[in-house]
Amino acid sequence: MRKPFAPRNFSVKKFTIFLFIAMLIGCDLAGTAYAAQDTYDYNVAQNSYNYHIFRNGSKIGEYNFIVDQDGTTKSVKASMNVRVMLGPVPLYQAKHRRTETWSNDALVSIKGYSTYNHDSYYMSLKRDGYSYVWNVNGEDTVIDEDVMTVTPWQPKNWKTGILLTEKGKTKSITRKYVGETTWGEKPDQIAAHHYKILGDNERDLWYDANGTLVGLKYKKDGANITFEYQKPFFLFNEP
């Protein structure tokens with residue numbers, strides 16, 4: 001029987017192992033490329049905000065925002081991609097997209113969707129007088145409190161209300177100011193204002209002097225989840 005091709009002085013066994021490792025690397029890179037292609041183009045605009053997501057210190061995804069402002073009105077496009085891998089095998093995958101409209105620092109509308117492994121969630125938010133109607137997979141919930149999502153800026157005059165999650169859940173929360181501190185590791189450490197979210201969805205948030213969210217931490221299933229703001233990097237200065 002004719003032996004498979006292998007370089008000289010390279011045994012068939014070693015060559016087979018080499019091919020197997022190459023296939024594993026190829027699968028992993030293919031998964032990374034898929035996640036990268038399915039995002040908005042955030043890195044070309046100065047109104048973009050990019051966050052790396054870490055689980056116990058290992059990067060598992062990104063959360064990105066594009067914010068366009070016209071007077072007191074903001075239009076926000078948000079995108080999240082998370083993938084936890086064991087070699088070439090994805091153990092957990094999540095994707096989230098939403099578009100928001102804000103007016104005078106208050107949410108006006110949301111339209112978006114999420115996929116968590118094989119579960120899908122389609123969601124929308126609209127104002128109805130002094131209330132909100134939050135629709136997830138065709139089911140309406142009327143909310144009579146202020147509502148909030150994860151945003152890259154510091155909310156003004158917002159202490160209590162409902163946090164809307166990427167899975168469409170509603171969490172009753174209170175925001176508390178902890179004090180001035182620092183965020184990051186030396187030599188990139190910066191001064192920051194520390195806030196704490198209490199209630200159904202506890203988390204810690206840090207904002208810089210400009211009110212930009214620079215860090216977020218919480219626990220999920222016993223693991224430490226961290227969002228770290230990635231400062232924009234521009235190769236060329238505009239004339």
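This is a predicted model: local features need pLDDT of at least 70, side-chain atom pairs count only at pLDDT 80 or more; totals for chains, interfaces and linings use all residues.
Local features are reported at pLDDT of at least 70 and side-chain atom pairs at pLDDT 80 or more, whereas totals for chains, interfaces and linings use all residues. Residues are numbered from 1 along each chain as its sequence is written, and side-chain values use heavy atoms, with hydrogens and water left out.

The protein contains one helix and 15 strands, taken as DSSP runs numbered from the N terminus (helices, H or I, at least four residues; strands, E, at least two). Of its 239 residues, 37% are buried, where buried means under 20% relative accessible area, exposed over 50% and partly exposed in between, with a 1.4 Å probe and protein chains only. The accessible surface is about 15,400 Å², and carbon and sulfur atoms hold 52% of this area; areas come from the Shrake-Rupley method with a 1.4 Å probe, and for residues only the protein chains shown count as cover. Among contacts (heavy atoms within 4.5 Å) with a separation of 6 or more, 36% join residues 24 or more positions apart.

The largest nonpolar core comprises 39 residues. Such a core is a set of buried Ala, Val, Leu, Ile, Met, Phe, Trp, Tyr and Cys residues joined through side-chain atoms within 4.5 Å. Ile53, Tyr63, Leu125, Trp134, Val147 and Leu164 have the most contacts inside this core. When residues up to four places away in sequence are not counted, Ile53 touches residues that include Tyr63, Met80, Val82, Ile225 and Phe227.

Grid points are joined across faces, edges and corners, and a volume is the space filled by probe spheres set on the points. The largest pocket has a volume of about 820 Å³. Its lining has 30 residues, with Tyr92, Tyr116, Lys167, Tyr218 and Lys220 closest to the centre. Strand E14 (213-220) gives the largest share of this lining, four residues. By class, the pocket lining has 17 nonpolar, two polar and 11 charged residues; Ala, Val, Leu, Ile, Met, Phe, Trp, Tyr, Cys and Pro count as nonpolar, Asp, Glu, Lys and Arg as charged, and the others, Gly among them, as polar.

Two cavities of 30 Å³ or more are present.

Most residues other than glycine have a negative phi, and most peptide bonds are trans. The peptide bond from Lys186 to Pro187 is cis, with omega near 5 degrees, and Pro187 lies in the loop between E11 and E12. Asn56, in the loop between E1 and E2, has a positive phi near 50 degrees and is partly exposed at 46% relative accessible area. Asn104 also has a positive phi near 50 degrees; this residue lies in the loop between E4 and E5 and is exposed, at 56% relative accessibility.

Technical notes
On a 1 Å grid over the protein atoms alone, a cavity is a set of points where a 1.4 Å probe fits but cannot get out, and a pocket is an open set with protein on both sides within 12 Å along at least five of seven lines; lining residues have an atom within 4 Å of a point.
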